[in-house]
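Keep the sequence and the 3D view at hand while reading.

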Amino acid sequence: MTGASSGRDGSDLEALYQGIILDHNRRPKNYGELPAPVHHAAGRNPLCGDEVAVFVKTEGDTLAEVSFTGKGCAISRASASLMTGAVKGKSRAQVDALFDLFHDVVTGRKKAEDHKAELGSLVALGGVAKFPVRVKCASMAWHTLKKALETPAT
Amino acid sequence: MHRAAGGPVTLAPRADFPLLERHPSLHYLDSAATAQKPRVVLDAIRAFYEEANANPRRGAYALSFEATQRYWSARETIARFLGAADPECLVFVRGTTEAMNLVAATAGREGISAGDNVVVTALEHHASFVTWQRATIEANAQFRIAELRPDLTLDVEHFASLLDARTKVVAVTHVSNALGLVSPVAELVALVRRRAPRAMIVLDGAQSAPHLPVQFDALGVDFYAFSGHKLGGPMGIGGLLGRKALLETMPPYQTGGDMIESVGDQVSTWNTVPFKFEAGTPNAADAVGLAAACEYLTGLGMARVRAHEVALLRALVPALTAIEGVTVHGPTDDAAFAMRSGAVSFELAEAHPHDLATILDQAGVAIRAGHHCCQPLMRRLGVSATARASVFVYSGEADVAALAGAVRHARAVFAGD
């Protein structure tokens with residue numbers, strides 16, 4: 001029986017903090033900086049202190065290598081980790097489309113189950129939709145990636 | 001203490017608080033952010049609007065007189081609750097933040113010159129820290145920060161070393177909103193008066209007014225700022241208590257109606273204190289609500305409020321430290337509880353406070369995760385956020401047990417069990 005938070009139960013929590021999320025939090029993929037020249041940007045959630053920096057090496061229109069650094073909650077770290085895997089090798093247009101889909105899924109506008117193929121491992125973050133307070137945690141890495149791609153490489 | 005049918009031991013019954021009645025499984029441990037409201041407060045606000053609503057002090061009819069009486073009576077009650085014998089020393093503002101801004105914009109702006117210094121502590125809430133930082137920069141003065149000892153108490157020696165003849169303002173928090181530690185105000189005041197005779201002392205009372213018996217006239221500070229919503233009053237009302245002599249010489253803050261005496265074409269004169277600082281139609285209804293909250297707490301007895309929270313903290317802190325991986329910030333030995341109040345900041349290894357808060361939310365336990373508007377403090381702790389649980393009169397052992405149980409569960413989730 002939950003308190004003032006309504007409509008959620010233990011299984012929703014399990015869905016949010018499933019093994020894959022905890023694993024990516026503990027052992028994030030593609031963690032670290034990339035050597036210059038590289039597109040990079042930093043993101044910060046002033047409300048909670050989550051920080052992330054995203055680094056991208058592009059080859060033409062393709063995101064050849066992506067990495068991140070930062071400290072924050074499990075959701076923000078796992079999301080950043082999963083993101084680097086999901087966008088590597090994709091074109092900018094594909095990354096934009098994936099960002100829009102990911103955003104729709106975590107805000108509950110679309111269902112993760114309906115887009116399993118396109119989401120790939122990102123489907124693990126589908127549970128965030130039931131925790132609106134955590135949407136910013138999940139999407140911060142993506143907003144930062146977008147900012148990095150809009151910044152010339154240095 | 002109230003023990004309802006085998007339920008938790010609270011000081012005030014949950015039944016007095018409509019929101020807690022509506023959410024029986026809620027363990028609300030974020031009173032440091034805002035307190036739940038007793039029914040009598042809500043009734044008093046409603047009664048003002050239903051029975052006596054008129055613009056105070058302006059109408060020539062009976063209803064306006066009634067509004068004026070209730071509003072003035074509220075001021076008297078609140079001033080008395082905080083140990084100020086003269087209600088004219090109480091300026092109504094929106095809350096602690098506005099009170100700080102008021103002092104900085106008036107006495108601060110006038111009093112701080114280039115080459116002077118302002119002393120704050122590393123514990124200050126942004127309402128104090130940022131406000132005085134900006135005022136100092138604007139005056140081309142020096143911003144000095146009193147640091148903490150390893151146990152996170154204020155380093156009084158370091159504080160003393162920062163005070164000198166050019167110190168114009170000393171801003172100190174009475175109770176740290178992040179750590180719940182009570183500052184040694186008497187000792188600090190004595191040091192300031194001796195070593196920085198030209199300094200005004202501004203005390204942030206946001207977290208002391210709800211929990212400790214406050215005697216403004218005896219504290220020896222120049223200003224005391226507090227928020228009504230943290231002691232069970234409505235949001236949007238709070239106060240600045242100030243020494244009358246200072247208030248009388250300070251320039252006004254906001255200008256407009258009611259704070260003037262006469263308005264000429266080229267120059268205006270100001271009303272007397274406190275009205276000089278209260279421009280525009282007042283938030284009379286909420287002042288009445290705040291007075292009802294003060295009376296509610298007086299009914300419980302502030303000495304008992306203090307004793308109750310100490311007893312609860314004596315249960316809460318060990319319940320947390322008993323959990324593997326949990327660190328409580330600040331002293332936790334037996335002697336520590338004499339200087340602990342309300343809030344406890346803690347961490348669970350391997351779990352970010354945000355994640356902890358979400359897991360606790362599932363168990364109906366409401367805590368705060370974040371920097372608590374104390375980024376300078378968080379930096380010194382080496383973290384970007386902590387988890388914070390805070391108690392008030394309606395908190396009891398059941399809340400402590402729920403918190404401990406949920407933190408244990410969170411530990412299991414993160415350990416991958």
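The residue comes first. B:Arg144 sits in strand S6 of chain B, which covers residues 142-146. The model is a predicted one. Around B:Arg144, 19 other C-beta atoms lie within 10 Å. A residue counts as buried at 20 or more such atoms, so B:Arg144, with 19, is partly exposed.

What does B:Arg144 touch, not counting residues up to four places away in sequence? The contacts are B:Asn117, B:Val118, B:Val119 and B:Leu162. B:Ala165 is 21 residues from B:Arg144 along the chain. The C-alpha atoms of B:Arg144 and B:Ala165 are separated by 14 Å.

Now to the strand. S14 of chain B spans residues 343-348. Six of its six residues are buried, so the strand is largely enclosed by the rest of the structure. In a regular strand, side chains alternate between the two faces of the sheet. In S14(B), B:Ala343, B:Ser345 and B:Glu347 point one way. B:Val344, B:Phe346 and B:Leu348 point the other way. All of these residues are buried.

Which strands pair with S14(B), and over how many bridges? The table gives the partners.

| Partner of S14(B) | Residues | Sense | Bridges |
|---|---|---|---|
| S13 of chain B | residues 326-328 | antiparallel | three bridges |
| S17 of chain B | residues 386-390 | antiparallel | four bridges |

B:Glu347 in S14(B) is the bridge partner of B:Thr327. B:Ala343 stands opposite B:Ser390 in S17(B).

Key
Residues are numbered from 1 along each chain as its sequence is written. Chains are lettered from A and ligands numbered from 1 in the order in which they are written. This is a predicted model: local features need pLDDT of at least 70, side-chain atom pairs count only at pLDDT 80 or more; totals for chains, interfaces and linings use all residues. Helices (H or I, at least four residues) and strands (E, at least two) are DSSP runs, numbered from the N terminus. A residue is buried if 20 or more other C-beta atoms lie within 10 Å of its own, exposed if 12 or fewer, and partly exposed in between; C-beta atoms are placed from the backbone. Two residues are in contact if their C-beta atoms, placed from the backbone, lie within 7 Å. Two strands pair if DSSP finds at least two bridges between them.
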